[in-house]
Amino acid sequence: MTQLALVIDLNVCVGCHACVTSCKEWNTSGNAGTLSDLRPYDADPTGTFFNRVQTFEVGEYPNTQTVHFPKSCLHCEEPPCVPVCPTGASYKRPEDGIVLVDYDKCIGCKYCSWACPYGAREIDERQKVMKKCTLCVDRIYDAALPPSERRPACVMACPTSARLFGDVHDPDSEVSQAIRDRGGYPLMPEWGTQPANHYLPRRRTEIKIEQDELIRVDNPLKIDGKLPKPPLKDPALDDVTSW
């Protein structure tokens with residue numbers, strides 16, 4: 001059986017969020033419908049995203065590294081979100097293994113989000129239905145697009161080719177070979193969900209930091225007194241610029 005999935009290379013992901021913005025742009029105007037953002041700049045913002053990039057620091061100072069960790073629906077082979085849905089809105093397609101939501105059946109009860117151990121489901125506050133990554137199902141089967149573009153929007157947008165797409169059940173596919181050759185692993189396999197998406201691990205790199213590199217160096221222009229200082233009577237930028 002075909003199982004389409006993403007394989008994400010953590011070693012080359014730079015956290016640029018191109019996958020996040022391209023996913024939002026494609027899906028908010030596609031079959032998934034509006035991905036609502038309410039009060040984006042207020043104290044209690046809400047927003048619906050299919051893909052998010054979590055960034056955190058590992059190690060101890062001064063030997064630290066920044067890790068960028070993209071995460072979306074993992075299209076599990078045994079998705080716990082499907083059996084708990086009281087209306088049958090959450091389902092897994094037998095032809096390609098993609099997990100989807102039928103918005104006409106969804107009542108926004110959030111059972112699926114509680115069952116998902118990865119936090120990959122989000123409710124659209126405006127439409128009151130649960131939404132999640134669709135692997136751009138409306139794009140990958142679009143015969144009007146050239147074959148090279150029949151891939152998820154996030155894969156197309158990634159500038160470092162950190163995201164691969166294909167059939168993980170096909171031993172000859174690009175994603176299967178990457179998993180085998182580079183030690184790909186599923187996220188939290190102990191839950192027994194058999195995630196289809198896999199991650200390629202970061203390769204350890206040793207960084208030698210000299211002691212003088214930890215000392216803050218003053219701006220040489222300040223030391224030499226050459227930092228430009230306009231006269232106090234000169235107009236400021238706000239006085240001469242129309243924003």
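Analyst: Start with burial: a residue counts as buried when its relative accessible area is under 20%, and as exposed when that value is over 50%. Keep in mind that this is a predicted model.

User: Is His-75 buried or exposed?

Analyst: His-75 has a relative accessible area of 0%, so it is buried. Its place in the chain is the loop between strand E5 (63-72) and strand E6 (90-92).

User: What surrounds His-75 in the fold?

Analyst: Setting aside neighbours within four places in sequence, the residues in contact with His-75 include Gln-3, Lys-92, Gly-97, Ile-98, Lys-132, Cys-133, Thr-134, Leu-135 and Ala-196. Val-99 and Asn-197 are also among them. With Val-99 there is a polar approach: a polar atom of the His-75 side chain lies 3.1 Å from the backbone nitrogen of Val-99.

User: Now strands. What is the general idea of pairing in a sheet?

Analyst: Strands of a sheet pair through backbone hydrogen bonds, and the pairing is either parallel or antiparallel. In this model, 3 strands make an open sheet with mixed pairing, in the order E10-E1-E11. Strand E10 (163-167) and strand E11 (198-200) are at the edges with a single partner strand each, so one side of each has no neighbour in the sheet. From one strand to the next, the twist averages 25 degrees.

User: In which sense does E1 pair with E11, and in which sense with E10?

Analyst: Strand E1 (residues 4-9) pairs with E11 in the parallel sense over 3 bridges. Within that pairing, His-198 in E11 is the bridge partner of Val-7. The pairing of E1 with E10 is antiparallel, over 5 bridges, and Leu-4 stands opposite Asp-167 in E10.

User: Which helix packs on this sheet?

Analyst: Helix H5 (residues 174-181) packs there and touches E1, E10 and E11. The direction of H5 makes about 115 degrees with that of E10.

User: How many residues of E1 are buried, and which way do they point?

Analyst: In E1, 6 of its 6 residues are buried. Leu-4, Leu-6 and Ile-8 point one way, while Ala-5, Val-7 and Asp-9 point the other way.

User: How should I read burial along a helix?

Analyst: An α-helix has 3.6 residues a turn, so residues three or four places apart point the same way. In helix H1 (residues 18-28), the buried residues are Ala-18, Cys-19, Val-20, Ser-22, Cys-23, Lys-24 and Asn-27. The buried residues of H1 pack against strand E2 (37-38), strand E4 (51-60), helix H4 (153-157) and E10.

User: Why is the protein chain described as more spread out than a compact globule?

Analyst: First the inventory: the protein chain has 7 helices and 11 strands. Its radius of gyration is 23 Å, well over the 18 Å that the globule rule gives for 243 residues, so the chain is more spread out than a compact globule. The C-alpha atoms fill a box of roughly 70 × 45 × 40 Å along the principal axes. Buried residues make up 41% of the 243 residues. The chain exposes about 14700 Å², of which carbon and sulfur atoms supply 53%.

Methods: Residues are numbered from 1 along each chain as its sequence is written. This is a predicted model: local features need pLDDT of at least 70, side-chain atom pairs count only at pLDDT 80 or more; totals for chains, interfaces and linings use all residues. Side-chain values use heavy atoms; hydrogens and water are left out. Helices (H or I, at least four residues) and strands (E, at least two) are DSSP runs, numbered from the N terminus. Buried means under 20% relative accessible area, exposed over 50%, partly exposed in between (1.4 Å probe, protein chains only). A polar contact is a pair of N or O atoms within 3.5 Å; within protein, one must be able to donate a hydrogen and the other to accept it, and residues adjacent in sequence count only if both atoms are side-chain atoms. Contact means heavy atoms within 4.5 Å. Two strands pair if DSSP finds at least two bridges between them. Axes are lines fitted to C-alpha atoms, for helices over the stretch in contact, and angles run from 0 to 180 degrees between N-to-C directions. The radius of gyration is taken over C-alpha atoms; the globule rule is 2.2 Å times the number of residues to the power 0.38. Accessible areas come from the Shrake-Rupley method with a 1.4 Å probe; for residues, only the protein chains shown count as cover.
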